[in-house]
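I'm opening my notebook to look around a model with a ligand.

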Amino acid sequence: MNERRPRKHFGQHFLHDRNILNKIIAAIRPEADQHFVEIGPGRGAMTGPLLEGCATLHAVEIDRDLAAALPEHITSPKLTVHAVDALRFDFATLRPDAGRLRLAGNLPYNVSTPLLFHILGYDELFDDIHVMLQKEVAQRIVAGPGGRIYGRLSVAIAARCDVETLFHIRPGSFTPPPRVDSSFIRLRPSAAKRARIEDPRAFDLVVTSAFGQRRKKLGNALGNVLDAAQIESVGVDPGLRAEQLTVEQFIALGNLAGSIGTTAGLR
Ligand code: SAM
């Protein structure tokens, strides 16, 4: 298929390693009645094997040339290509004809974090999410409280999903090789976890504000949202910094902010 030079600004590193591809498909285990969304199919390394095992696949590819070439290369009535930016894609539009969805992708590294936040906005739509991303981002996702890499992404994902790091991939498995190692991870959005968050906007505001000024104590960092007495009222010490809080404590603060309406002006 289209072998023109990979476009750096689209984070194009194409997977060519058969062993890794087999491991990815074995981890995903597509089934004949299942519907998939693939982000960034590129030249179709994962698309073909996924299509062989599933009912339908919606591929979302920003590069118009690759998007146009994909159905020529992989002719299947099960494939629908959307030549759009996944960051702007409304995944909810796929729901009526597709039922429940699974998401997979070798994410473009330059936008993997914003893409994850965008996907999280549709977490109730997806049974699971299998993505390849920079190892460093995967480490941030699974990080727990107490360290420098624990942050907004760790909390946003841990509050909504069960997370597993499945395996790591060396740069040589891609053309061209990226400068960093990659990890393949599985996120399973959890309705039980989601139910603990009473007001997602308030929760996101608390987490974003706290980590936006992560060197400051919560009493200061959350100043516009909750005061020190309010923070203390849910058993959290306002003298702590964001990276010292558990996900449960962020949820308690978010629920409080939502219930007292301090975020009303931001809606
Ligand atoms: N899946 C292919 C593979 O494994 O060989 C390609 C993976 S490559 C790391 C990332 C792919 O995402 C590229 O095809 C790139 O054009 C596409 N891409 C980059 N930014 C995108 C965006 N915002 N929305 C959709 N696709 C994007």
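Before anything else, I noted the cut-off I need: a residue counts as buried when its relative accessible area is under 20%. I'm also keeping in mind that this is a predicted model.

**Entry: cysteines.** I looked up C161 and found a relative accessible area of 1%, so C161 is buried. Then I checked C54, which comes to 3% relative accessibility, so C54 counts as buried as well. How many disulfides are there? I got a count of zero. The rule for that is a pair of cysteine sulfur atoms within 2.5 Å.

**Entry: where the ligand is.** Which pocket holds the ligand? I found the ligand sitting in the largest pocket. I listed 22 residues around the ligand, and the closest are Q12, G40, E61, D85 and A86. I sorted this shell by residue type and got 12 nonpolar, six polar and four charged.

Entry: I started with G40, where a backbone N or O atom is 2.8 Å from a nitrogen atom of the ligand. G42 also uses a backbone N or O atom, this one 3.4 Å from an oxygen atom of the ligand. For N106 I noted a polar side-chain atom, 2.9 Å from an oxygen atom of the ligand. How much of the ligand's accessible area does the protein cover? On its own the ligand has 590 Å² of accessible area, and I wrote down that the protein covers 98% of that.

Terms used:
Residues are numbered from 1 along each chain as its sequence is written. This is a predicted model: local features need pLDDT of at least 70, side-chain atom pairs count only at pLDDT 80 or more; totals for chains, interfaces and linings use all residues. Side-chain values use heavy atoms; hydrogens and water are left out. A residue is near a molecule or strand if one of its heavy atoms lies within 4 Å of it. A polar contact is a pair of N or O atoms within 3.5 Å; within protein, one must be able to donate a hydrogen and the other to accept it, and residues adjacent in sequence count only if both atoms are side-chain atoms. Accessible areas come from the Shrake-Rupley method with a 1.4 Å probe; for residues, only the protein chains shown count as cover. On a 1 Å grid over the protein atoms alone, a cavity is a set of points where a 1.4 Å probe fits but cannot get out, and a pocket is an open set with protein on both sides within 12 Å along at least five of seven lines; lining residues have an atom within 4 Å of a point. A molecule sits in a cavity or pocket if more than half of its atoms lie within 2 Å of its grid points. Ala, Val, Leu, Ile, Met, Phe, Trp, Tyr, Cys and Pro count as nonpolar, Asp, Glu, Lys and Arg as charged, and the others, Gly among them, as polar. Buried means under 20% relative accessible area, exposed over 50%, partly exposed in between (1.4 Å probe, protein chains only).
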